[in-house]
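Subject: Structure handover

Hello,

Here is the structure we talked about. Please open it alongside this note; the findings follow below.

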Amino acid sequence: MGASLYEPINVYKPIGPHIGIVDGPFEYLTVSGVRLPLPFTTRMTVVCLTNGDLFLHSPIKFNGVLGHELQRLGTVRHLVSPNQFHYAHIAEWSKAFPDGITWASQHVRQRARARHIDVTFTRDLDVDAPEEWRRDMDQTLFPGGYFKEFIFFHKASKTLILTDTIINIELNKMPEPWRTATKLTGMHYPRGQIFFGMRLPLLLQRRKAKAALAKVHSWRPERVLLSHGRCFESHGDEVIKRIFGGPPIESKAGNSAGPR
Ligand SMILES: [Fe+2]
């Protein structure tokens, strides 16, 4: 069996109040400019902010029909790179929506420059949510060394929005030998797991991880959206406890030891 997508792709799929996902086409990992024969699926999350603006998390490859469809939901405003690996299509969206604000994750500018990807970021994400979406969403920086990423929480739908922090690949959607390799990492449906590249950095950055997790636990998410694999549609807080452990007893969300 070969690789398969989350059909239909390039259409907005509502998953809760004022929030939806758009599954995208295959992407391929490139190493040193060489494209590996490993197709993987990608997913964009769209949040409809109460001011009428749209927040596009990890935009998938631009598609004109999709862009038109999204305009019916609101104004395409925030084009967000949550980590330095998810940014490749932001320039396409920015060109189609020149009034959009492009938001940089840490080190993404350097990575884009090194790969000759022409993209301009106008703002930088921070540990705390900016004025633009603070009313609707919270956020934090989840440590993971090279793989650190900004994670978001949509309040109205109690949805945690992750990129690569948890991977939950459906093995029957992957071709061999990648299927066996993924199985060995544990990063597969139905339980998912922390992205393997983050595991050692998380051990080395325990204090930052603890602070970020305290914030995540305080949100008590109902569902967890992922960029790769099957999302967790219910009991999100239980998923987080199972994968990362329960909330630290002495920590409180937003304490001053927050990750930077
Ligand atoms: Fe990714």
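First, a term: a polar contact is a pair of N or O atoms within 3.5 Å; within protein, one must be able to donate a hydrogen and the other to accept it, and residues adjacent in sequence count only if both atoms are side-chain atoms. At the start of H1, a side-chain oxygen of Asn63 comes to within 3.1 Å of the backbone nitrogen of Val65.

Some ground rules. This is a predicted model, where local features need pLDDT of at least 70, side-chain atom pairs count only at pLDDT 80 or more, and totals for chains, interfaces and linings use all residues. Residues are numbered from 1 along each chain as its sequence is written, and side-chain values use heavy atoms, with hydrogens and water left out.

Helix H1

Helices (H or I, at least four residues) and strands (E, at least two) are DSSP runs, numbered from the N terminus. H1 spans residues 64-71 and includes Leu66. Leu66 counts as buried because its relative accessibility is 0%. (Buried means under 20% relative accessible area, exposed over 50%, partly exposed in between, with a 1.4 Å probe and protein chains only.) Gly67 and Leu70 of H1 are buried too. Seen down the axis, the buried residues of H1 fall within an arc of 100°, so they line one face. That arc is taken from the directions from the helix axis to the C-beta atoms. Exposed Val65 and His68 sit on the face turned away.

Contact means heavy atoms within 4.5 Å. Beyond its neighbours within four places in sequence, Leu66 is in contact with Asn10, Val11, Tyr12, Val22, Met44, Ile60 and Trp93. The cover over the buried residues of H1 includes strands S1 (12-16) and S2 (19-23), and helix H2 (90-96).

Cores

A nonpolar core is a set of buried Ala, Val, Leu, Ile, Met, Phe, Trp, Tyr and Cys residues joined through side-chain atoms within 4.5 Å. The largest has 27 residues; Phe142, Ile166 and Phe244 touch the most other members. S11 (149-154), S13 (166-167), H5 (196-204), H6 (206-219) and H7 (236-244) each supply at least two residues. H6 gives the largest share, five residues. Another core, of 21 residues, lies apart from it; Met44, Ile60, Leu79 and Val108 are among its members.

Ile166, leaving aside neighbours within four places in sequence, is in contact with Gln193, Leu226, Phe232, Ile240, Ile243 and Phe244.

Best wishes
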